[in-house]
Amino acid sequence: NDKLQILKNAIKAYPNFPEPGVTFRDIFGVFQNITALRAMKDLIVEHILFLEVDLIVGLDSRGFLFGPMICMELGKPFLPIRKKGKLPGKVVQQKYVLEYGEATFELQSDLITNGTRVLIVDDLLATGGSMSAAVQLLKSVAADVVECLVIIELTSLKGRDKIEVPLHSFLKYD
Ligand code: 5GP
């Protein structure tokens with residue numbers, strides 16, 4: 001697929017960032033190349049067009065780049081999941097494990113009622129810690145998580161095994 005190749009070419013790999021042994025895949029490269037950005041948007045649109053969801057949820061912070069793009073196609077609202085302390089009003093929380101230590105996600109729960117059908121988006125799935133915390137958080141407010149969507153999946157970390165709902169990725173790396 002041409003569009004996948006264009007997208008792939010725009011994502012640079014940075015060895016040993018942010019620490020030795022880690023290869024960082026920089027999704028922002030796509031936003032500096034309009035052809036690649038359009039290719040990515042087309043791939044996303046082709047994939048989501050027939051999804052039946054009520055709400056798009058994006059993960060702090062690179063998920064915010066994709067959420068609104070998808071919202072406008074589906075005509076559905078966007079809601080962020082943010083790291084602790086950033087969202088005003090009534091929030092629900094979910095702790096999750098990072099490579100070193102712990103973090104907490106928060107979600108403003110007022111927009112979600114029982115059975116709200118949600119699509120969760122982020123740029124990349126690594127260990128799956130963030131995405132599985134997001135799924136738990138949404139389940140805790142009785143949402144129906146229809147799908148998790150990421151641009152990149154790092155397959156050797158087996159993050160997919162932590163996700164109890166359908167997960168779609170466009171590019172896979174070891
Ligand atoms: P996980 O929780 O699956 O281990 O890590 C995924 C989260 O960390 C995502 O929110 C993603 O933005 C960030 N992340 C981890 N590794 C990378 C990477 O190589 N590139 C980018 N762009 N984000 C990463």
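Biologist: Why does Lys-3 count as partly exposed?
Modeller: In this predicted model, Lys-3 has 27% relative accessibility. Buried means under 20% and exposed means over 50%. The value for Lys-3 falls in between, so Lys-3 is partly exposed.

Biologist: What makes the contact of Asp-42 and Lys-3 a salt bridge?
Modeller: Their side chains meet at 3.2 Å, N to O. The cut-off is within 4 Å, so the pair qualifies. Asp-42 sits in helix α3 and Lys-3 in helix α1, 39 residues apart. Asp-42 is partly exposed, at 32%.

Biologist: How do you know that Arg-117 and Asp-54 form a salt bridge?
Modeller: The N to O value is 2.9 Å. That is within 4 Å, so the term applies. The pair links distant parts of the chain. Arg-117 lies in strand β7, Asp-54 in the loop between α3 and β3.

Biologist: Why is Glu-164 called exposed?
Modeller: Its relative accessible area is 56%. Exposed means over 50%, so Glu-164 passes. Its salt-bridge partner is Lys-139, at 3.0 Å, N to O. Lys-139 belongs to helix α5, while Glu-164 is in the loop between β8 and β9.

Biologist: What is Lys-139, buried, partly exposed or exposed?
Modeller: Lys-139 has 37% relative accessibility. That lies between 20% and 50%, so Lys-139 is partly exposed.

Biologist: How many salt bridges does a search of the whole structure find?
Modeller: It finds nine.

Notes:
Residues are numbered from 1 along each chain as its sequence is written. This is a predicted model: local features need pLDDT of at least 70, side-chain atom pairs count only at pLDDT 80 or more; totals for chains, interfaces and linings use all residues. Side-chain values use heavy atoms; hydrogens and water are left out. Helices (H or I, at least four residues) and strands (E, at least two) are DSSP runs, numbered from the N terminus. Buried means under 20% relative accessible area, exposed over 50%, partly exposed in between (1.4 Å probe, protein chains only).
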